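Please keep the sequence and the 3D view open while reading.

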Amino acid sequence: MALLPIIIAPDPRLKQISAPVARVDDRIRRLMDDMLETMYQAPGVGLAAPQVGVLKRVIVVDGSAKDEERAPLCMANPELIEISEEDVNYEEGCLSLPEHYAEVVRPAQVRVRYLDHENEIRELDAEGLLGTCIQHEMDHLEGILFVDHLSALKRNMILRKLTKAKKAEAKGPDKTPTGAPVAAE
Ligand code: K1U
Ligand code: ZN
């Protein structure tokens, strides 16, 4: 298995629509396994293939609590086949928008149909963190980020900060007047 680099916003690859997979074969299984390893290492509770530069409809999620056993789920071509009328407000984060969090309103319960790791068709009812996370990851497959659910003011504030952080990162570490790097705290 391998750790995959996660793309940080703003990046045009995060705004693309991903293509369905024909079937879950060894290549897609390998992608799912690498995405799970990357998600756990980050750490995160979900990851979508476009976040690692692969424009395919593949997501991984794990909605288990800290004190529970891991419960990884791999999904190809996920579709929402039922959504509740009731909504829920959840504070979301995103590994592609590090250190930014905001409340997003989404359907409280969903039923999702998908192809699993073994190319079997499955259906799952999800709510709470898992339900929110599945919807957040499915948004990535449409090129939608959680900030797209916020007001333009909040979205632009977050994206401007991320652009600034990227520019600072590209410039390299801050230097003291003698040219030596500033010591980490
Ligand atoms: O980048 C992603 O798409 C993953 C994202 C998923 C998500 C989190 C919360 C609400 C909706 C979707 C994350 O995992 S961000 C990191 C995070 O929230 C977290 C990390 C460690 C433990 C618990 C949560
Ligand atoms: Zn995300």
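The model is predicted, and every value comes from its coordinates.

**The zinc site**

Start with the metal. The zinc ion is ligand 2. Protein donors are the SG atom of C94, the NE2 atom of H136 and the NE2 atom of H140. Their distances to the zinc ion run from 2.1 to 2.3 Å. Along the chain, the donors follow the spacing C-x41-H-x3-H.

What is the arrangement of the four donor atoms around the zinc ion? Tetrahedral, because the angles that the four donor atoms subtend run from 89 to 130°. For four donors, that label requires all angles to lie between 85 and 135 degrees.

The two histidines share an element. Both H136 and H140 lie in helix 2, which spans residues 128–141. They are four residues apart, about one turn of the helix. Are these histidines buried or exposed? Both H136 and H140 are buried. C94 is buried too, because its relative accessibility is 8% and the limit for that class is 20%.

**Ligand 1**

Now the other ligand. There are 14 residues around ligand 1. V45, G46, Q51, L95 and E137 come nearest.

| Residue | Part of the residue | Distance to an oxygen atom of ligand 1 |
|---|---|---|
| Q51 | N or O atom, side chain | 2.9 Å |
| L95 | N or O atom, backbone | 2.6 Å |
| E137 | N or O atom, side chain | 2.8 Å |

How much of the accessible area of ligand 1 does the protein cover? On its own, ligand 1 has 540 Å² of accessible area, and the protein covers 79% of that.

The C-alpha atoms of I7 and L95 are separated by 8.4 Å, although the two residues are 88 apart along the chain. I7 itself is buried, with a relative accessible area of 7%.

**Cysteines**

How many disulfides are there? The count comes to zero. A disulfide needs two cysteine sulfur atoms within 2.5 Å. C133 shows the point: its closest cysteine sulfur is in C94, 9.8 Å away, so a bond is ruled out by distance. C133 is buried, with a relative accessible area of 7%.

D11 is buried, with a relative accessible area of 14%. Its side chain makes a polar contact with the side chain of R13, at 2.8 Å.

Q109 belongs to strand 6, residues 109–115. At 33% relative accessibility, Q109 counts as partly exposed. The C-alpha atoms of Q109 and E127 are separated by 4.6 Å. Along the chain, these two residues are 18 apart.

**Backbone exceptions**

One general point comes ahead of the details. Most residues other than glycine have a negative phi, and most peptide bonds are trans.

Which peptide bonds are cis? One of them is the bond from A9 to P10, with omega near -5°. P10 is in the segment before helix 1. The bond from A42 to P43 is also cis, again with omega near -5°. P43 is in the loop between helix 1 and strand 1, a strand that covers 46–48.

N77 has a positive phi of about 50° although it is not a glycine. N77 lies in strand 3, residues 73–83. N119 is not a glycine either, yet its phi is positive, at about 70°. N119 is in the loop between strand 6 and strand 7, the latter covering 121–127. At 22% relative accessibility, N119 counts as partly exposed.

**In short**

The protein covers 79% of the accessible area of ligand 1. The disulfide count is zero.

Note on methods:
Residues numbered from 1 in each chain as written. Chains lettered and ligands numbered in written order. Predicted model: local features only at pLDDT ≥ 70, side-chain atom pairs only at ≥ 80, totals over all residues. Heavy atoms only, no water. Donors = N, O, S within 2.8 Å, 3.2 Å for Na, K, Ca; no water. Tetrahedral: all angles 85-135°; square planar, octahedral: opposite > 155°, others 65-115°. Buried < 20%, exposed > 50% of the residue type's maximum accessible area, 1.4 Å probe, protein only. Near = heavy atom within 4 Å. Polar contact = N/O pair within 3.5 Å; in protein donor to acceptor, adjacent residues only side chain to side chain. Areas by Shrake-Rupley, 256 points an atom, 1.4 Å probe, with all protein chains shown as cover.
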